[in-house]
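Trainee: I would like to understand how the words used to describe a structure follow from values and definitions. Could we go through some of them together?

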Amino acid sequence: MLILGMESSCDETSAAVVEMADGVRAIRSNIIASQIETHRLYGGVVPEIASRAHIEAVTRITEEALSAAGVRLSDIGAVAVTSHPGLIGALLVGVNFAKSLAYANRIPLVSVNHIHAHVAAAYLTHPDLKPPFLALVVSGGHTSFYRVTDDTTYEEIGGTRDDAAGEAFDKIGRVIGLPYPSGAAMDSLAREGNPKAVALPSPALAGEEIALSFSGVKTAALNYLNGAAQKGISVNRADLAASYTARIVDAIGKKTELALRQTGLTTLVLAGGVAANTHLRAALETLCRRRRVRLAMSEPSLCGDNGAMVAAAGYFEYRAGHFAGTSLNASALDHPEAAV
Ligand code: KG4
Ligand code: ZN
């Protein structure tokens with residue numbers, strides 16, 4: 001079946017047409033309008049500006065997705081839309097657009113959790129992937145581990161206590177003069193430096209909990225930069241990027257190994273914007289080879305926010321009979337159903 005996937009949770013407006021069936025995953029189109037250039041001026045996403053930019057882009061992006069796929073709305077079997085978590089104003093644009101489109105054209109509507117959509121990107125890259133598996137979602141807003149027992153059932157078993165890894169990369173990248181969002185630039189810069197040059201604390205919390213905290217390593221890197229500035233010493237940015245990346249990657253690897261050991265799962269899915277990080281990919285490849293665990297990473301081009309991953313997740317919600325209606329609302333929360 002053909003699914004129209006719609007994404008507007010943060011700073012990318014995206015619509016995609018994906019064909020999904022047993023063993024079939026074909027991306028017919030995946031149009032992404034990024035607002036990064038607009039937000040770069042402010043060094044981060046400005047929610048009001050994001051909502052407005054989604055409104056301006058959503059109709060055009062959807063038309064482009066349909067025409068690039070060579071299909072009409074009447075060919076679409078379901079409309080899938082990200083309804084949570086994310087920026088509330090941004091989400092509302094996609095949700096209201098998808099609701100109207102589905103209602104007016106009598107197409108079934110399904111609501112998709114943005115985190116599940118990141119994981120579903122791995123289904124597009126690996127058509128034979130099936131639960132149970134351990135999913136690690138590393139993005140600008142999340143660093144979380146999930147036990148995925150079936151295509152729509154996710155149990156969070158650990159993750160960060162504070163910032164997300166993407167946020168940690170963006171923050172230090174910005175301070176050393178890289179453009180927002182600095183994850184990809186930090187990734188390249190880290191390749192040129194010595195990962196042992198700067199002593200920084202590990203974000204992996206001690207003990208048998210699958211818990212991370214990025215605030216300590218972030219503060220230590222800031223103190224290192226401020227200390228050097230006060231002493232008039234110039235900092236080797238590549239060494240700092242390499243050391244910072246190494247601490248973050250090592251910590252994620254350590255807790256991934258713990259999660260694999262505790263759950264006994266033998267497949268690991270790596271997803272989210274930070275899953276594009278070459279150092280993290282290499283470290284998890286080594287770990288999984290050593291533990292004889294299957295590693296299913298999303299293709300780098302599908303790691304960031306996009307409509308195709310929403311369509312993929314929507315397919316499984318559709319198959320499970322989880323339909324949404326005109327009462328569907330957006331929510332900033334990870335678990336809106338748990339909120340009173
Ligand atoms: O998943 P995503 O597109 O949006 C959220 O749902 O948050 O993730 C965006 C995050 C940003 O923090 C960005 O800097 C980071 O992913 N990122 C990377 C890389 N590419 C994007 N972080 C590290 N290395 C990369 N290569
Ligand atoms: Zn995302």
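Trainee: At what angle do helix 5 and helix 8 pack, and how far apart are their axes?

Mentor: This is a predicted model, in which local features need pLDDT of at least 70, side-chain atom pairs count only at pLDDT 80 or more, and totals for chains, interfaces and linings use all residues. Residues are numbered from 1 along each chain as its sequence is written, chains are lettered from A and ligands numbered from 1 in the order in which they are written, and side-chain values use heavy atoms, with hydrogens and water left out. Helix 5 and helix 8 pack at an angle of about 170°, and their axes are 11 Å apart. Axes here are lines fitted to C-alpha atoms, for helices over the stretch in contact, and angles run from 0 to 180 degrees between N-to-C directions. Helices (H or I, at least four residues) and strands (E, at least two) are DSSP runs, numbered from the N terminus.

Trainee: Why are helix 5 and helix 8 called roughly antiparallel?

Mentor: Angles under 35 degrees count as roughly parallel, over 145 as roughly antiparallel, 65 to 115 as roughly perpendicular and the rest as oblique. The angle between helix 5 and helix 8 is about 170°, and therefore the two helices are roughly antiparallel to each other.

Trainee: Why is glutamate 257 called buried?

Mentor: Buried means under 20% relative accessible area, exposed over 50%, and partly exposed in between (1.4 Å probe, protein chains only). Glutamate 257, which lies in helix 8 (residues 237-263), has a relative accessible area of 19%, and therefore counts as buried.

Trainee: How do you know that leucine 258 is buried?

Mentor: Leucine 258 is also found in helix 8, and because its relative accessibility is 4%, leucine 258 counts as buried.

Trainee: What makes the pairing of glutamate 257 with arginine 291 a polar contact?

Mentor: A polar contact is a pair of N or O atoms within 3.5 Å; within protein, one must be able to donate a hydrogen and the other to accept it, and residues adjacent in sequence count only if both atoms are side-chain atoms. The side chains of glutamate 257 and arginine 291 make such a contact at 3.3 Å.
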